[in-house]
Amino acid sequence: MTNIYFFLGKGGVGKTTISSAWAAGLAKIGRKTLLVSLDPAHTLSDALNVMVTGRIKRISDSLDATEIDIDQMIQDYLQDVSTTMKSTYRYLSTLNIDRYFNILKNSPGVEEYAILEGIKEFVSKDEYDIIVFDTPPAGMMVRVLGMPRVSLVWTESLIAMRRKILSRRRMIENVQGRFEADVGGEKVVLTSEEKEDPVMQELVSYKNEMEALRNLFSSQSCKVSIVTMAEELALSETERIIGALKEFYIPVEKVYLNKYMRIENPPEEIIGKIEEQGSVVMRMKEELKGIDIIEIPMLRSSPRGVEVLLALYRDYLKEGEKV
Amino acid sequence: MRNLFEVIKGFFKGVDRGMREVSTSLIQNELEEYENAFALLTMGFLSGLPSPPTGLVIRLFPHMQREIQVMMSKSSGLFDAFGSTMGKFSVD
Ligand SMILES: Nc1ncnc2c1ncn2[C@@H]1O[C@H](COP(=O)(O)OP(=O)(O)OP(=O)(O)O)[C@@H](O)[C@H]1O
Ligand SMILES: [Mg+2]
């Protein structure tokens, strides 16, 4: 069973850095690891110091990495559907179809859908022990992780409705024969059989996919952690993410407090900041029971490249980790 | 005698067809209502109605397009709710 890891957090907190370090660390101890960036803003290549956009690239013995282009994925996918539709149903006016696709392309939720498709594609690869996902900012990622459950509510009620349609069609068919129509010179039949009805088939396969993802996201093999910083706003933000995920039955494993400032005798200018940090950590430990809180110090320079990330793993992430 | 038998048979046939037509048209109405509602639910994004998750819409879209064309050609006048929605996007 592949173990998958998600590191969630708002922009710039260190998701890419920590997920890369985590992947590098697990690969180093011999686990076959794939690191995937789902973030439309590409920064994984920068963190690794290796270009990984658009294809799976070997980084070290057990580590592969890639960065998928979400916008391109949406574009390609819709283009695909549109081409198939135009060639299958010649009567569809090209103009109208393109207009629909333009609306779809810009519909809210299309990015989340593409990200979920990306996740689905990678988790189906069984050559990896570990898949680590670097994610877009938390708001979007929570919606992505919750999407299987939300979609299932819709899918199930549409399936029930579809059944009613098909059963009514069957009754009428028994009296009047099959529903046939001439659409732009092509004979099209509307079936009453579930197995022949393309709408029902699509609903059912979508339902199966969503069930698999829902189960995966709530399972033992999926670990979700939050990356944040020890600041006043971080606590409520973190609690919001935990609460939202809880509604989808997705537990949070760890909270990483990144860019933690460990300073012996802080200069006057930042004393307030250091105190805030201390009190946030205390409150977090109190309020987030059952969740490990891990501090990662502010490093002297931005960690880049596998060796540096590996050191970060060894020094701060590995501790107490049973893999 | 044979004639009468035919007449009686014919009469019952007529009654049967009449009743079947009545109940068929009831079912037909029901079917049309379900079909309309289904189409509005899955294609409502065209008019800004609340929609299922976009992923589901994208997946159903190719099939619904075909379905709607057939439904529209099946009976004109039907599909008013949807027709006006589509009309906004100058779809005939
Ligand atoms: N512990 C740390 N010490 C010093 N610099 C850090 C640390 N963690 C991350 N950084 C630096 O902070 C910047 C932001 O980190 P990173 O790109 O990992 O964040 P992110 O959450 O992935 O951001 P985005 O939302 O833009 O994808 C980077 O330049 C990174 O090198
Ligand atoms: Mg990032």
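Buried area is the accessible area, taken with a 1.4 Å probe, that two parts lose on being put together, summed over both. The exercises concern a predicted model, in which local features need pLDDT of at least 70, side-chain atom pairs count only at pLDDT 80 or more, and totals for chains, interfaces and linings use all residues. Residues are numbered from 1 along each chain as its sequence is written, chains are lettered from A in the order in which they are written, and side-chain values use heavy atoms, without hydrogens and water.

**Exercise 1.** Describe the interface of chain B and chain A by its buried area and its contacts.

Solution.
- Step 1. Chain B and chain A bury about 4,400 Å² between them, and 72% of this area is on carbon and sulfur atoms.
- Step 2. On the side of chain B, the residues that lose the most area to chain A are B:Ile58, B:Arg59 and B:Arg66, together 17% of what that side buries.
- Step 3. With contact meaning heavy atoms within 4.5 Å, 42 residues of chain B touch 52 residues of chain A.

**Exercise 2.** Find the salt bridges across the interface of chain B and chain A, and say which helix of chain B gives the most residues to its side.

Solution.
- Step 1. A salt bridge needs a side-chain nitrogen of Lys or Arg within 4 Å of a carboxyl oxygen of Asp or Glu.
- Step 2. The rule finds 5 salt bridges across the interface. One of them joins B:Arg59 to A:Glu202, with the closest N and O atoms 2.9 Å apart.
- Step 3. Helices are DSSP runs of H or I with at least four residues, and strands are runs of E with at least two, numbered from the N terminus. Helix 1 (2-43) and helix 2 (54-74) of chain B each supply at least two residues of the side that touches chain A. Helix 2 gives the most, with 19 residues.

**Exercise 3.** Describe the largest pocket by its volume and its lining.

Solution.
- Step 1. On a 1 Å grid over the protein atoms alone, a pocket is an open set of points where a 1.4 Å probe fits, with protein on both sides within 12 Å along at least five of seven lines; lining residues have an atom within 4 Å of a point.
- Step 2. The volume, the space filled by probe spheres set on the points, is about 470 Å³ for the largest pocket.
- Step 3. Its lining has 23 residues, and A:Gly12, A:Gly14, A:Thr17, A:Lys259 and A:Pro303 are the closest to the centre.
- Step 4. Helix 1 of chain A provides the largest share of this lining, 3 residues.
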